[in-house]
Amino acid sequence: MNMPAPLGYGLGLRPVYYDEILETRPPVDWFEIISENYMVPGGRPLAMLDRIRADWPIVMHGVAMSLASTDPLDMNYLRDLAALIDRVQPAWVSDHIAWTGVHGATLHDLLPIPFTREALDHVVERIQRVQDFLKRRLVIENASTYVAFTGSEMTEWEFVRELVQRADCLLLLDVNNIFVSGFNHGYDPMTFLDAVPAERVVQFHMAGHTDNGTHRIDTHDQPVCDEVWALYEAARRRCPQASAMIERDDNFPPFSELLAELARMRAIDARVKGREAA
Amino acid sequence: MTLAELQARFQAGILTGEGADMLGLVEPSPHGAGKNELFGVYQNAYRLRLAEFVAEDHPGLAGYLGEDEFAALIEDFIASDPPRHRNARYYTTRLPQFMQESEAWREEGRALSLAQFERALVDAFDAADAPALEIGALAAFAPERWASLTFAFHASAQLLELAAGTLDTYVAATDDDCDELPEASEGVEHAAIWRTGDEPAWRELDADEWVALNEAMAGQAFGDICQLAAFQQGDNASAERLAQFLANWFSEGLVVGVAEKDAG
């Protein structure tokens, strides 16, 4: 399979860190942007992106394609996205297995779907149409969910596996999302990891979440917890080439803390590689 | 139930804050969380996220209204209509219009003006780029042609007529060290908002500059603007003052193009 070249270790590009990134040139291999934040006419966001793009590879990650919505695809959105792709020339473009609204509304959240044949056919068809429009393979991410539907006809991993194979798209494995959804719905995250087609995984997301006791919420506002690091190691054993990154979207720490998380990621990978070589 | 029916019901449950319809469709939590609680994650996230968007874009309005009244405004706004734009950046665009149309808020002149002013600042922040022209660009035109010159302005440039005291209120309400807001006053004031470099900029305009800049931004030639000023202000309209306005617009980065009106 024709896969994008691995990028190494990245971070989510967030405005709070622009100046530090440009001044200190940190040891980060690549940055991921939230596509919609740069789908604006001009000003500082695009100016900063252009400067950072000059020195680092960029991956575009969207939150609003609403691939699972039963509303029509938003072609204006896709045209704007295509224009940004043209400007940024990203290594790849990703979005989620989720919907954000129907009847013209956009709730700015990644909403869950039932894992049914109908939903699978629907999302596969839409991914194919988007790929045809953008003339590139999409990278699709598993979302965190807080409810599971009684009407589901298959497991999430069965859904994801068939989805990426039928749509011939690639996979962004969010390790924290697997952990959060696994906890919330009572499945073993390892079962998910074992089931997804490792050969299609191009990227890992790692992030922190909030533990509310009876359920966990994907908040991206704290460090990655030890349980998710352990799951990352298992994911890395299955997908040695996947590019990996830390997402942080709130309660922003000093940049050095994110670099320390990347260092931990590198150390885990070195350990995994060492074991395999031994 | 089809996917479309499920999504319609799920969305209605988030927008109305009522989740009862959804509860029969979701699995029980393996850890004892109530179905209400789990669906509530989506309901709460929706309101919190939208409230954050409004708070980020309107610190002055928040400071002016105070915590409770600002929260009430946000609640009314969120309840009025769900977001329609894919980009969260544009959620608050409709706030001033919502306040104008709302019985509860339309009489709140200074609050409405603050919303309009902060809206313009947000729009200026990421308006389309264009390099500012230096005043030296005028040298390309013979002095006898200057009366026919028209000017193009940066896409971020906006002129607003605001309730008197809005600008001072904005300054006070966004200053952490300031405890007192200006007293209410009658009348109006005018402001220009634009972007200089990466950051939004603004300043209050005197009445004659407000008229001149309005006309210039509408595409009137400089000579026509001078004539209008003379008609409106008689002897008080000095050519030097209008020339100074023009020099300021250049130096402040407002002007991005100049052309002769008849040049087509």
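Student: In which order do the three strands of the open sheet in chain B stand?
Tutor: Happy to start there, keeping in mind that this is a predicted model. The pairing in this sheet is antiparallel. Averaged over the sheet and ignoring direction, neighbouring strands are turned by 30° against each other. The order of the strands in chain B is E2-E3-E4.

Student: Which strands of that chain B sheet stand at the edges?
Tutor: Look for strands that have a single partner strand, because one side of each is then left without a neighbour in the sheet.

Student: How many bridges join strand E3 of chain B to E4(B)?
Tutor: Strand E3 covers residues 188-196 of chain B, and it runs antiparallel to E4(B). One pairing you can find in the structure is B:His190 with its bridge partner B:Leu205 in E4(B). The number of bridges joining E3 to E4(B) is seven.

Student: At about what angle to E2(B) does helix H9 of chain B run?
Tutor: This helix takes in residues 207-217 of chain B. Helix H9 lies across E2, E3 and E4 of chain B. Its angle to E2(B) is about 145°.

Student: Which element gives the most to the side of chain B that touches chain A?
Tutor: The contact takes 41 residues from chain B and 39 residues from chain A. On the chain B side, helix H1 (3-16) and helix H3 (35-57) are the elements that give two or more residues. The one giving the most, with eight residues, is H1(B).

Student: Is A:Lys135 buried or exposed?
Tutor: A:Lys135 sits in the loop between H4 and strand E5 (138-141) of chain A. Its phi is positive, about 55°, although A:Lys135 is not a glycine. Most residues other than glycine have a negative phi. Because A:Lys135 has 8 C-beta neighbours inside 10 Å, and 12 or fewer is the cut-off, A:Lys135 counts as exposed.

Student: Where in chain A is A:His103?
Tutor: A:His103 also has a positive phi, near 60°. With 15 other C-beta atoms within 10 Å, A:His103 is partly exposed. Its place is in the loop between strand E4 (93-96) and helix H4 (117-134) of chain A.

Student: What separates the C-alpha atoms of A:Ser256 and A:Pro26?
Tutor: A:Ser256 lies in helix H9 (residues 255-277) of chain A. Along the chain, A:Ser256 and A:Pro26 are 230 residues apart. Their C-alpha atoms are separated by 9.1 Å.

Notes: Residues are numbered from 1 along each chain as its sequence is written. Chains are lettered from A and ligands numbered from 1 in the order in which they are written. This is a predicted model: local features need pLDDT of at least 70, side-chain atom pairs count only at pLDDT 80 or more; totals for chains, interfaces and linings use all residues. Two residues are in contact if their C-beta atoms, placed from the backbone, lie within 7 Å. Helices (H or I, at least four residues) and strands (E, at least two) are DSSP runs, numbered from the N terminus. Two strands pair if DSSP finds at least two bridges between them. Axes are lines fitted to C-alpha atoms, for helices over the stretch in contact, and angles run from 0 to 180 degrees between N-to-C directions. A residue is buried if 20 or more other C-beta atoms lie within 10 Å of its own, exposed if 12 or fewer, and partly exposed in between; C-beta atoms are placed from the backbone.
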